[in-house]
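Visitor: I'd like a walk through this one, please. I'll keep asking how you can tell.

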Amino acid sequence: MGKRHKIDVAAFEFQLIDHLLQLHEELEKGNYIPGPYTHFYIHEPKRRKISAAIFRDRVVHHALCGVIEPRFEQVFIPDSYANRIGKGTHRAIDRLQHFSRKYRYVLRCDIRQHFASIDHAILLESLRKLIPEPDIVALIEKVISGGCDALADEYQMVWFPGDDLLAVCRPRGLPIGNLTSQFWSNCYLHGFDLFVKRELGCKAYLRYVDDFALFADHKELLWEWKAALKSRLAKLRLTIHDQKAQVLPSANGIPWLGFMIYREFRKIKARKVRYATHHLDHRYEAYRTGKISFAGFDASIQGWINHVRFADSWGLRRHVFSSFLLKPSDMRIKEPSNTKRFLHGKNRLESQRW
């Protein structure tokens, strides 16, 4: 939403048919060359470098994924939840809680420098298994190589057995922000998913991008699996945060995608609460001083509620909203519907507040 107001989008749409025909001709003749990226940083949940492709390149990314994604969807495991239709964050949370109720122990891991570490040669090898067409492979190579410098300054060299000095020069890295990067991340780890399910025999395994969890009733088995998966990831030139990857009782709570997941309830992680409170306070102050409209403030509130409503967060929402007072003009227009909606249709605060 709102992308039409951006200069590159408006310029592309101004002569839409001409630009699409030009793209079609470039792709058909093999003359297409990706443009430069625009880079910026976000700081939540941690500092990340985001790389935005120009709009015409994003059109190509969507078209390319539309052609090749169905092939991979047929082979991906059901418990891979990131960037897939019918999956997503909240289904991954539901599934992890389901496993936590069935198994006594969990091993939760995340991959270090995930997007910055993805090796181009290994990625292309995995993609060619389901993409035999030379022209599509050539286009994929252009898109991948076009973003190889996006995270070059973010990558800290990791040495693997058998490496020589030329390992430093291996092309690696996918720009965070591309639709293709998110899809190719799943392709890159598909073989690892199969390894965990088939070779290790883990019946309770799920992954969301670079976060994954294995469940079992015997912690000794999970420690054995940890050593095996580290060895397997090394073949992909990936490593995990070793100190954080500990075998723990499922009943103690599992950190997962911004939540703490317990067998019978869920909580928002404290760091997420602090960030959200700080952000909403700034948005409220902007609304109170007239810098943004009530609709703008309402959008921020609704976005946060849509996230935290998947946890047991009634008390948290009541606490956060207790300090937000509406202007009388907005109260007359908005209060009857919005108060109920903010509290997810169950309870109401005082008529002057959310």
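Visitor: How do you know which share of the contacts joins residues at least 24 apart?

Guide: Take the contacts between residues at least 6 apart in sequence: 70% of them join residues at least 24 apart. Contact here means heavy atoms within 4.5 Å.

Visitor: What should I keep in mind about where the coordinates come from?

Guide: This is a predicted model, where local features need pLDDT of at least 70, side-chain atom pairs count only at pLDDT 80 or more, and totals for chains, interfaces and linings use all residues. Residues are numbered from 1 along each chain as its sequence is written, and side-chain values use heavy atoms, with hydrogens and water left out.

Visitor: What is the mean pLDDT of the protein?

Guide: The mean is 88, and 90% of the residues reach 70 or more. pLDDT is the predictor's confidence in each residue, from 0 to 100. Over residues 331-354, though, the pLDDT is below 50, and this stretch has 53 contacts in the model beyond near neighbours in sequence. Where pLDDT is low, the predicted coordinates should not be read in detail.

Visitor: Why is the pair Lys 49 and Asp 153 called a salt bridge?

Guide: The rule asks for a side-chain nitrogen of Lys or Arg within 4 Å of a carboxyl oxygen of Asp or Glu. Lys 49 and Asp 153 sit at 3.3 Å, N to O, so the pair passes. Lys 49 is in strand 2 (residues 48-53), while Asp 153 is in the loop between helix 7 (134-146) and helix 8 (179-199), 104 residues apart. Helices (H or I, at least four residues) and strands (E, at least two) are DSSP runs, numbered from the N terminus.

Visitor: Are Lys 49 and Asp 153 buried or exposed?

Guide: Buried means under 20% relative accessible area, exposed means over 50%, and partly exposed is in between (1.4 Å probe, protein chains only). Lys 49 has 9%, so Lys 49 is buried. Asp 153 has 52%, so Asp 153 counts as exposed.

Visitor: What makes Glu 73 and Arg 84 a salt bridge?

Guide: Their side chains meet at 2.8 Å, N to O. Glu 73 lies in helix 3 (residues 55-73) and Arg 84 in the loop between helix 3 and helix 4 (89-102), so the pair ties together parts that are 11 residues apart in sequence. Glu 73 is at 27% and therefore partly exposed, whereas Arg 84, at 10%, is buried.

Visitor: What links Lys 230 and Asp 242?

Guide: A salt bridge again, at 3.1 Å, N to O. Lys 230 is in helix 9 (residues 219-235), and Asp 242 is in the loop between helix 9 and strand 6 (247-249), 12 residues apart. With 35%, Lys 230 counts as partly exposed, and Asp 242 is partly exposed with 31%. Lys 226, Lys 230 and Asp 242 are linked in a network of salt bridges.

Visitor: How many salt bridges does a search of the whole structure find?

Guide: That search gives 17.

Visitor: How many disulfides does a search of the whole structure find, and why is Cys 169 not in a bond?

Guide: The search finds zero disulfides. A disulfide needs a pair of cysteine sulfur atoms within 2.5 Å. For Cys 169 the closest cysteine sulfur, in Cys 148, is 12 Å away, so that is too far for a bond. Cys 187 is in no disulfide either: the nearest cysteine sulfur, that of Cys 65, is 8.5 Å away.

Visitor: What surrounds Cys 187?

Guide: Leaving aside neighbours within four places in sequence, Cys 187 is in contact with Phe 72, Phe 76, Ser 126 and Leu 127. Cys 187 lies in helix 8 and has a relative accessible area of 4%, so Cys 187 is buried. Cys 187 and Ser 126 are 61 residues apart in sequence and 7.0 Å apart in space, C-alpha to C-alpha.

Visitor: Is Thr 180 buried or exposed?

Guide: Thr 180 is at 0%, so Thr 180 counts as buried. Thr 180 lies in helix 8, in contact with His 61, Cys 65 and Val 143 when neighbours within four places in sequence are left aside.

Visitor: How many of the protein's residues are buried, as a percentage?

Guide: Buried residues make up 45% of the 354 residues.
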